[in-house]
Amino acid sequence: MTLRRIAVRDETIVEWMQSDHDGTSAVAKLDYRMCGLVQIAALIAAGGSVPSYRRAVELARLGGATPDEIVAVLAAVAPTIGVDRSVREAPKLGLALGYDVDEALDN
Amino acid sequence: MLGGAQLTISTSTRAPFRLDEAKLAPPAAPPTEVLRAALVDRLLSTPQSPLVAVVAPAGYGKTTLLRQWEKEDARPFAWVTLDESDDDPTSCLVYLAAAIDSVEPVAADVFDALVAPDALRRVGAPRLALAFSSTTTPMVLVLDDLDRVLGRESLDAIGLLCDRVPQGSTLVFSTRTEPPVGLARLRTRGRLLELGAKDLSLDRSEASALLESADVRLETDDVTEIWERTEGWAAGLYLGALALRSGGPTVSVRELRGDDSYIGDFFREELLQRLSPDDAEFLTATSVLDQLSAPLCDAILERTDSAERLDRLTRSNQFVQQLDRNRQRWRYHTLFRDLLTHELKREGDERVRALNHRAALWTLESGDPETAIPYAAEARDYELLDQLIQRAALPVYNSGRIATATEWLRWFDDDRLLETHTPVAVFGSWGNAYSGRPEEAERWLRAAERGADGYTDRLVDRSASVASWVAVLRAGLCPDGPEQMRIDSEQALESLAPGSMWRRYAHLLLGCAAGMSGDADRAEHEWRIALELAQSSGADPLTTQVIGQRALLALERGDVAAAREMLATVQTLPGPPLGSYATHGVALAALARLSLLEGDHERARRELMRAQSLRPLLTWALPWGAVRVRLELARVALALLDEVACRTLLMEIREIQVHRPALGVLLDDISRLEEQVGSLATKNWNWAASLTPAELRILPLLATYLTLDEIGERLFLSRHTVKSHATAIYRKLGASSRSEAVERAVESGLLDDFVFVPPVKLGHNG
């Protein structure tokens with residue numbers, strides 16, 4: 001039923017989704033780890049800012065995701081959204097993990 | 001002690017180590033010196049500038065000017081002559097505090113806060129700045145030779161003082177180059193009076209007076225020529241005067257402009273070669289000494305006439321400066337010493353090492369191993385250094401001068417050296433472990449293990465074998481779990497000498513091993529012994545740690561009254577405030593838990609936040625402490641329904657488990673906690689408690705004047721990384737600016753409220 005309500009853009013559901021700032025409400029039925037990883041995937045696809053990546057990474061890590069698992073999302077989504085987009089978003093995800101890829105490449 | 005002259009302990013301060021009074025006063029004035037009346041008048045007529053920077057190369061008379069200013073100004077002068085030892089921020093700040101204290105008393109808790117090196121940025125430096133800004137006696141605080149300080153943390157702490165100069169007081173820097181303490185922003189605000197080389201150059205009449213004071217009588221035209229050639233540079237004029245006095249220069253004085261490429265030649269050809277061979281040898285050889293005394297000079301030169309020679313040289317040469325009224329200690333003017341050192345090096349490295357070696361042996365025999373250490377390092381005598389560090393490392397650590405001890409250990413930072421000097425490797429590993437550098441702690445442990453069998457030199461604690469020291473260390477780093485930790489601790493206790501300082505650590509660790517194995521009775525027994533040994537030796541960081549462990553144990557068996565009594569003791573112990581050392585973590589965790597049991601949720605939340613700042617130091621290098629503290633704090637967070645804090649702590653525990661999977665009964669505790677977190681029904685988002693260790697390291701620096709680039713330099717991070725962390729901090733604290741983030745951090749207890757000292761509003765100069 002939740003899927004149908006989302007599909008028809010039920011106002012109650014929309015209001016609920018918009019107020020669910022961290023995406024972990026009961027509607028989503030996902031744990032922190034999964035929420036965080038899914039949000040990271042969405043950011044890679046849409047092109048996110050570092051603060052947004054940071055927020056999603058924190059969620060994932062609170063749920064027990066390791067840095068390796070988080071980075072693996074880049075590879076996981078590449079076949080769907082294109083390798084080029086993953087490549088472009090990798091430095092931002094790195095910064096969100098506390099790692100400056102650009103600086104490391106300079107060394 | 002240097003030549004019988006005591007390093008005096010100032011009884012008006014609570015300095016954690018012996019202070020050298022010579023650093024807290026200018027060198028004695030020579031019998032004759034040129035009066036800088038015009039410059040002194042200028043300084044006296046601009047009291048509204050809270051900051052004065054006297055910036056000029058060596059030999060322009062900076063210290064002379066300040067000394068003359070002191071005589072004329074009605075305000076008391078608080079003086080610190082800085083040197084390389086002040087690269088250690090604890091040393092630097094303690095001397096600053098002692099100087100201020102010489103004018104107006106500085107509270108004991110300020111000195112206590114300076115002893116905690118890991119908390120200097122968060123607590124010690126801001127408290128000192130607040131103490132300075134709160135003084136009511138107008139004073140002039142002089143920092144002489146500031147260019148000799150290169151340590152960033154020391155310079156940052158000095159920079160904090162710049163915005164906190166109280167009304168009516170003046171802060172003065174005397175330095176060869178512009179100090180990196182944020183002068184540019186102070187200049188734009190019109191708060192800074194600057195005197196440079198041009199201001200300090202002697203005018204013609206002053207040049208004439210200097211030549212007369214050196215017993216050089218010249219025709220008027222000659223005075224004019226030498227003055228023009230040297231462009232009023234006092235040291236150059238004086239060197240020229242000495243040359244003229246000893247027979248006239250063969251090289252034209254035109255080269256005397258402070259240009260190093262010429263001054264060295266002039267110095268050698270016109271001065272040294274004209275002195276008696278004895279005097280020349282004396283000056284050159286004793287240039288290895290930071291401070292001279294007659295007995296020390298006799299020792300390194302193997303002669304007996306140094307007292308008479310130093311007396312004579314002081315009278316005839318202004319570059320030899322007397323440091324005390326008793327005429328027992330001297331030093332060379334830095335420019336003069338630079339030139340002499342340059343000459344000495346021409347005699348070869350072996351000579352330099354031999355002189356330093358004699359200086360090291362003499363100062364050691366005089367009962368001052370700490371002063372002997374730099375000489376032993378220059379002598380490249382690693383065996384002697386090993387013995388000296390064994391004696392001096394723990395007292396220096398306990399006085400908060402971690403940077404000093406770290407510098408000593410850096411000389412050995414080579415696997416081959418570490419393997420042949422096991423005691424140094426042991427100290428270094430502990431230092432790295434307690435400073436939050438687990439990989440380094442592990443590397444030094446491995447080197448110590450490899451070298452233990454081959455080490456046969458005597459140990460300062462008289463233990464028969466260094467293997468016992470390594471066993472304590474291995475127990476502390478606990479690489480193989482609680483059972484091996486127990487074995488290592490017991491083996492250590494079997495072979496450590498009865499009076500060894502490591503015995504209390506072995507008992508502490510035996511207790512922790514028992515705790516991790518579920519044997520509470522054994523844990524309590526060992527910790528009681530550790531506490532007795534710690535209290536009898538005055539080792540306060542260990543005392544707090546042991547009491548914290550025992551208090552947690554008491555709470556676990558339901559004895560709240562006993563825990564309360566123990567934790568009350570901890571809060572009244574002398575020394576740095578609770579929360580300054582990594583070893584304080586368990587006591588803070590116990591306090592948080594006690595607060596919860598007493599129903600004081602607000603206090604529990606405060607203690608939880610106070611403990612957060614220690615997380616960067618509690619790494620897998622000390623897993624028994626790092627996991628135990630996090631488990632306790634996570635339980636408190638859970639009780640406060642702070643899911644984010646709880647999950648953050650659990651996440652860090654999982655990261656520690658990657659390196660240290662064997663954690664005994666703590667593993668059950670971790671599993672239980674994970675189940676409980678999963679079932680939390682209410683969300684109480686306190687993102688402030690989820691600041692990562694990297695963010696916690698940056699947070700105190702956001703409270704300073706440093707730019708993000710400069711913060712990155714301090715922490716070896718790129719600007720992008722710092723910005724990413726800073727943005728996350730703002731978000732988690734609900735702030736939209738740096739200053740707001742600092743305010744929120746103080747409100748939440750992440751930063752001490754002393755850090756947020758508002759700059760002094762100027763009433764006299766906008």
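Colleague: Which residue just after α14(B) takes a positive phi?

Modeller: Glu302(B), with a phi of about 55°. Helices here are DSSP runs of H or I with at least four residues, numbered from the N terminus. This is a predicted model, where local features need pLDDT of at least 70, side-chain atom pairs count only at pLDDT 80 or more, and totals for chains, interfaces and linings use all residues. Residues are numbered from 1 along each chain as its sequence is written, and chains are lettered from A in the order in which they are written.

Colleague: Which residues of α14(B) are buried?

Modeller: In α14(B), residues 294-301, they are Ala294(B), Leu296(B), Cys297(B) and Ile300(B). Buried means 20 or more other C-beta atoms within 10 Å of the residue's own, with C-beta atoms placed from the backbone.

Colleague: Why are they on the same side of α14(B)?

Modeller: Because they cover an arc of only 165° around the axis, taken from the directions from the helix axis to the C-beta atoms.

Colleague: And what covers them?

Modeller: The cover includes α13 (277-285), α15 (306-316) and α17 (349-365) of chain B.

Colleague: Switching topic, how is chain B divided?

Modeller: Into domain 1 (33-200), domain 2 (204-274), domain 3 (539-687) and domain 4 (692-749); the bounds come from an automatic or database domain assignment.

Colleague: How many residues of domain 1 of chain B are in contact with domain 2 of chain B?

Modeller: Seven, against nine residues of domain 2 of chain B. Contact means C-beta atoms, placed from the backbone, within 7 Å. The centres of these two domains, taken over C-alpha atoms, are 32 Å apart.

How values were computed:
Buried ≥ 20, exposed ≤ 12 C-beta atoms within 10 Å, placed from the backbone. Helix = DSSP H or I, 4+ residues; strand = E, 2+ residues; numbered from the N terminus. Contact = placed C-beta atoms within 7 Å.
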